[in-house]
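Welcome! Please take a moment to look over the sequence and the model, and then let us walk through a few places together.

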Amino acid sequence: IGVDISRAMLDVAVEREVEGDLLLADMGDGIPFRPGTFDGCISISAVQWLCNADKKSHSPPKRLYRFFSTLYTALARGSRAVLQLYPENSEQLELITAQAMRAGFTGGMVVDYPNSAKAKKNAKGKSVKKSRDWILEKKERRRRQGKEVRADTKYTGRKRRPQF
Ligand SMILES: C[S@@+](CC[C@H](N)C(=O)[O-])C[C@H]1O[C@@H](n2cnc3c(N)ncnc32)[C@H](O)[C@@H]1O
């Protein structure tokens with residue numbers, strides 16, 4: 001069962017003769033299905049829209065909570081939801097994960113392309129993997145563990161030219 005707020009998007013699905021049923025609905029109003037209806041849920045590039053208030057009456061935290069709590073109920077025990085999304089900033093990501101956890105979801109987040117400028121901005125305090133800071137922190141950690149680690153120099157963590 002596919003859900004979208006846009007009739008035009010659902011029309012594309014009809015044109016492509018996708019399997020299953022389609023539902024024209026606003027996920028911010030909740031997922032209107034009986035408890036335990038689904039074995040899983042996949043969402044591609046949609047949940048971030050719930051962070052926007054398109055109408056005066058829209059409260060993003062409330063809409064996100066309604067979405068996650070009703071989705072949680074509609075999922076069978078032990079099933080999973082995989083939600084791919086594009087948050088605009090770390091606040092959006094925090095709001096989304098906070099509301100998902102409030103609704104009962106557990107699990108984790110995977111950041112694709114962690115070296116992209118956007119992801120770096122979202123990393124907030126944590127050094128980006130393989131960056132100079134990350135390497136320095138790792139070396140320090142290993143020193144504290146009593147391991148033999150080479151001294152830090154101006155070359156530590158430098159970019160190397162691609163090798164052919
Ligand atoms: C980038 S498109 C992705 C569409 C589809 N998931 C795909 O992968 O082809 C984002 C979709 O989210 C839908 N959308 C945005 N806000 C929504 C809402 N509140 N409820 C349901 N769908 C929403 C849009 O209509 C749009 O079709």
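**A walk through the model**

R66 is partly exposed, because its relative accessible area is 35%, and partly exposed means between the buried class (under 20% relative accessible area) and the exposed class (over 50%), using a 1.4 Å probe and protein chains only. R66 sits in helix 2; helices (H or I, at least four residues) and strands (E, at least two) are DSSP runs, numbered from the N terminus. From the C-alpha atom of R66 to that of S45, 21 residues away along the chain, the separation is 18 Å.

Before going on, please note that this is a predicted model, in which local features need pLDDT of at least 70 and side-chain atom pairs count only at pLDDT 80 or more, while totals for chains, interfaces and linings use all residues. Residues are numbered from 1 along each chain as its sequence is written, and side-chain values use heavy atoms, with hydrogens and water left out.

Next, let us visit helix 5. Side chains of opposite charge can pair when their charged atoms come close. A salt bridge here is a side-chain nitrogen of Lys or Arg within 4 Å of a carboxyl oxygen of Asp or Glu, and by this rule the count comes to 5 salt bridges. One of them joins D152 to K139, with the closest N and O atoms 3.1 Å apart. D152 lies in the segment after helix 5 (132-144) and K139 in helix 5, so this pair ties together parts that are 13 residues apart in sequence. Is K139 buried or exposed? K139 counts as buried, because its relative accessibility is 14%, whereas D152 is partly exposed at 38%.

D152 also forms a salt bridge with R143, where the closest N and O atoms are 3.0 Å apart. R143 in turn meets E140 in a salt bridge of 3.1 Å, N to O. E140 and R143 are both in helix 5, 3 residues apart, which is about one turn of the helix. Both count as partly exposed: E140 has 37% relative accessibility and R143 has 27%. Together, K139, E140, R143 and D152 are linked in a network of salt bridges.

Finally, turn to V14, which is found in helix 1 (residues 7-15). V14 counts as exposed because its relative accessibility is 52%.
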